[in-house]
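Have the structure open as you read.

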Amino acid sequence: MLLSYHPMKIADAEKIVTWKYENEYAMYSFSESNEDIQELMNGEYFSVLDELERVVGFICCGESARVPGGTSIGLYQEEGYLDIGLGLDPDLTGQKIGSVFLKQSLVFLQNHFKSSQFRLVVATFNERAIKVYERTGFKRDKEFYSKVNGEDMLFISMKMEMPIYSFEEITEQDLNEVRELYNYYVSNTTISFHTEELTLEEIKASVMNKNPRFKSFVIKEENEIKGYVLITQYKSKQAYDFSGEVTIYLKPDIVGKGIGGTALRFIENVAREQGFYTLIATVCMENTRSKSLFEKHGYEQCAMFKGVGYKFDRRLDIGSFQKVL
């Protein structure tokens, strides 16, 4: 599921206030009043849409995400954290998409607010949500009571610090680390179809194109290279000049932490600036993680080539995935 985020619109707010949660989760339901609609329109809420532009949830930040009981214990006096709240369409709860919703929302919030520290508050009975938050990296903090419908309810605050990644154009000083990273995939996986490790000159030719339209970037956390992403020439004939091939390689220890999606969105923006019409990714079909990454971000499989690769004593299929920018 690929989500998009937009400042709350009145039509979205009118739909969200009709959502009804059942049983103990009824506390999250709105009252459908004009007051609730105006709350959603206060500038601190974003509607979340799926690929078909249906409203599937919302997020809020700042004062709108704070719980009165937290204020009374001084919770929000600790500065540096962006307070956030999330809501998912009740028809979608329990379908194991909460983690996807949360991770994509955090990436949006990080990019939009340039923040890497997040804080949220959740009722302690809501273990389902707490487990999703913990799996994503949130840590339990302080417990406190706050009034809900006139009765005290126990809440817990949770905090998370996300790494801050930057993108810098690849230079010759980066080549040794880039080569080491790429050669890991050559020697250990079918993600790369090279069967022999590349030399320094070969990796330089691979990632440093003389044509300035084809950009290559290392992905850094602070000053440490965590991966790289690039646009290369799809084919050399002139009619292909507005098509590019996108490639992402990450260090194995950060795979699955959301940086692939961040890198993909970054390089797509670069591609638009350089005048590309479409991007194409070539993926070994054994590599289900990459296949899922591209599909989740709007790439459609447009070709399949069976048995065109041979590595580690087996025939390998590749697929081409395309996105029109």
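Start with a charge: the charged end of K235 sits over the ring of Y234, 5.4 Å from its centre. "Over a ring" has a set meaning here: NZ of Lys or CZ of Arg is within 6 Å of the ring centre and within 35 degrees of the ring normal. Keep in mind that this is a predicted model, where local features need pLDDT of at least 70, side-chain atom pairs count only at pLDDT 80 or more, and totals for chains, interfaces and linings use all residues. Residues are numbered from 1 along each chain as its sequence is written, and side-chain values use heavy atoms, leaving out hydrogens and water.

**Another charge over a ring**
- R213 has its charged end over the ring of F214, 5.9 Å from the ring centre.

**Ring pairs**
- The structure holds 18 aromatic pairs (rings of Phe, Tyr and Trp, its six-membered ring, with centres within 6.5 Å; planes under 30 degrees apart are stacked, over 60 edge-to-face and the rest tilted).
- Y45 and F58 have ring centres 5.9 Å apart and planes at 45 degrees, so this pair is tilted.
- In F217 and F266, the ring centres are 4.9 Å apart and the planes are at 90 degrees, so that pair is edge-to-face.
- Ring pairs also join Y182, Y184, Y185, Y228 and Y249 into a cluster.

- Y45 is buried at 7% relative accessibility (buried is under 20% relative accessible area, exposed over 50%, partly exposed in between, with a 1.4 Å probe and protein chains only).
- F58 is buried too, at 9%.
- F217 is buried at 8%, while F266 is partly exposed at 23%.
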